[in-house]
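Here are my notes on this one, point by point. Have the structure open while you read.

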Amino acid sequence: MRREGSPFRGLSTVFIKELSDHVSSSRILVLQLLILSTALAALYEAISSLRQNTAEDPFLLLRLFTIDQAPLPSFVAILGFLIPLMAIGLGFDAVNSEHNRRTMSRILAQPIYRDALLMGKFLAALATIGISLTALWLLVIGLGLIFLGVPPGGEEIARSAVFLIVAIFYAGVWLSLALLLSTVFRSAATAALVALGIWLFLTVLWPMLAPALAQAIAPVDPRYALLGLNDPATAVWMQELLRLSPNDLFGEAMLAVLSPTTRTLGPVFLDQLRGAVMGAPLPFGESIMIAWPQTVGLIAGTIILFAFSYVLFQRQEVRA
Amino acid sequence: MSEQQTEANSGLHDPVIRARGLTRRYGKSIAVDSIDFGIARSEVFGLLGPNGAGKTTTILMMLGLTEISSGEVSVLGFNPAREPLKVKQRVGYLPDAVGFYDQLTAVENLAYTAKLMGLARAERAARIEAALARVGLAEVAEKRVATFSRGMRQRLGLAEIIMKRAEIAILDEPTSGLDPQATQEFLGLIGELKAEGVTVLLSSHMLDQVQRVCDRVALFRNGRIVLMGTVPELAVKVLGAGFVVEVEAEGPGIARRLAMIPGVTQVETLAADRYRMTAERDVRPDAARAVVAGDGALRRLSVDEPSLEAIYARYFQDQPAGGVRHAA
């Protein structure tokens with residue numbers, strides 16, 4: 001049975017309304033302050049460390065993103081940790097709050113399809129995160145100009161722009177997850193708790209669990225242990241398991257893009273290094289190729305999770 | 001053929017809503033069980049029945065907001081399952097305990113739905129202002145909805161329907177939780193809508209209100225429509241007679257004279273000078289004439305109009321509910 005009319009009717013109206021709600025909410029203000037203050041602290045450390053060691057570096061601007069100065073992790077690592085929090089904060093009550101405020105049936109009685117409501121909410125939250133991240137990105141480049149005094153080259157800008165795009169998709173995964181949970185759970189508090197639980201598990205616990213699991217699946221060959229080497233089978237398993245976490249995918253993609261000397265993200269065999277000029281940066285295109293699978297993983301995760309919430313929302317009863 | 005029969009059954013020409021064999025199943029339980037009805041243009045139609053009898057499910061099916069398991073319904077000639085946008089463009093819906101975005105003002109809330117309806121900017125402002133004035137919310141138009149009382153929210157919901165210029169207004173329990181004065185005002189607004197030619201579907205369990213505003217009612221029970229018609233029609237069906245007239249008079253042979261009035265089915269003698277007549281129509285003028293003609297002294301003549309309350313109570317008392325079901 002085909003339904004008549006466009007599923008996107010009213011999409012822009014929902015998008016604009018949700019966007020203005022997000023931008024004017026105190027929730028986003030708190031989240032932005034949190035990210036801004038931690039990110040600025042990391043940047044400050046990075047800048048002061050860069051000013052002391054003025055070695056010749058063709059990618060000085062990118063160093064701002066990746067240098068970590070104890071006790072603070074790098075700017076990218078902080079974003080990898082905090083972007084999910086922002087996405088969850090914007091998405092955990094997207095659908096269930098409409099039910100709880102009893103606005104759902106009134107809105108759906110207007111001449112629009114449910115598609116427009118869900119899609120509008122998703123895009124508005126993603127746009128909010130996109131705006132925040134873009135502002136942050138411009139801030140980093142601006143600070144880099146002021147404090148390092150070296151104008152960034154075209155490739156540096158290109159690489160950091162890729163960072164921005166991948167970061168938005170990384171936010172998309174978490175936003176889809178939060179949206180899915182807000183569709184499944186009628187209570188916003190439950191949805192938020194479950195989302196935060198998954199976030200903590202994947203960012204904090206999983207990096208500790210994955211090696212243990214890898215050793216259980218592919219025990220280390222004692223001959224490698226005697227030589228003081230890592231067993232490649234165990235290492236591969238560990239990496240595959242770690243990649244189940246979007247956090248790890250984001251980290252790997254960023255490593256490839258922001259550290260141009262990265263040649264591979266997995267274990268390397270000696271014969272693969274034959275002929276390589278160690279320490280020489282890879283061209284932009286090659287770095288993108290290395291980061292491409294991870295980026296596709298993030299995009300696919302976003303789409304799959306969104307599709308799940310889409311199906312659930314279409315089948316959901318309007319009545320609370 | 002069947003189309004003509006249904007129209008003949010409901011006694012309607014050109015119904016704006018027509019349902020045939022409309023059914024909604026949730027797994028094994030049946031929320032709405034093969035109901036048929038037709039609603040005429042600018043009629044006020046009441047949906048009555050206990051909670052979970054299938055009223056809201058029926059409404060949601062008419063709006064295409066829940067799936068139809070079998071049967072069909074046409075609203076203004078459109079099929080809500082296939083053409084929900086056309087139906088929703090023309091039908092206004094005020095849900096049970098309607099909600100608004102608390103952080104927005106009354107105008108902003110209406111502007112959002114007006115945009116969803118696809119109204120142009122200039123048209124929007126004019127319609128919103130007019131609608132808010134109609135329901136008496138013009139003074140609080142710029143106040144945030146968070147400060148609104150229950151009655152104000154309901155009126156704002158009605159303003160949305162007025163702004164939409166809906167041909168059909170579906171109101172689900174619009175007066176529950178309102179104070180008597182707010183209820184009164186709200187019923188007045190429903191009357192105005194009817195006068196403008198809007199068809200109103202009113203779901204409620206406030207029987208006296210339904211009786212006051214509805215032309216016809218349908219009584220729902222366990223997902224079926226068990227009774228449908230005007231209140232006097234139902235009274236005849238359920239109570240056996242439409243009117244109960246009490247006469248207080250003194251004089252010889254009054255009981256006999258009253259019993260001879262055409263249309264009177266029964267006369268009970270309550271006390272020496274008090275009689276209760278049951279009749280198919282309002283027989284008060286005839287009763288007065290009969291008493292006076294027999295040289296009696298007429299002291300009091302009162303009529304109990306058939307109340308929906310009595311019909312409802314009698315119906316459910318005669319046929320005890322077989323297991324209460326709750327709507328999902």
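1. Some ground rules: two strands pair if DSSP finds at least two bridges between them. Helices (H or I, at least four residues) and strands (E, at least two) are DSSP runs, numbered from the N terminus. The model is predicted, with pLDDT of at least 70 needed for local features and 80 or more for side-chain atom pairs, while totals for chains, interfaces and linings use all residues. Residues are numbered from 1 along each chain as its sequence is written, chains are lettered from A and ligands numbered from 1 in the order written, and side-chain values use heavy atoms, leaving out hydrogens and water.

2. Start with strand β8 of chain B (residues 216-221): 5 bridges tie it to β9(B), and the two run antiparallel. One such bridge partners B:R221 with B:R224 of β9(B).

3. Now the whole sheet in chain B. Its 6 strands are ordered β5-β6-β7-β3-β8-β9, in an open sheet with mixed pairing. β5 (91-94) and β9 (224-229) of chain B each have a single partner strand, so each edge strand has one side without a neighbour in the sheet.

4. What packs on the sheet? Helix α2 of chain B (residues 55-62) does, touching β3, β5, β6, β7 and β8 of chain B (contact means heavy atoms within 4.5 Å).

5. Over in chain A, helices α4 (residues 75-91) and α9 (residues 188-217) pack at about 170°, axes 11 Å apart (axes are lines fitted to C-alpha atoms, for helices over the stretch in contact; angles run from 0 to 180 degrees between N-to-C directions). On the α4(A) side, the contact uses A:F81, A:P84, A:L85 and A:I88; α9(A) brings residues including A:W199 and A:T203.
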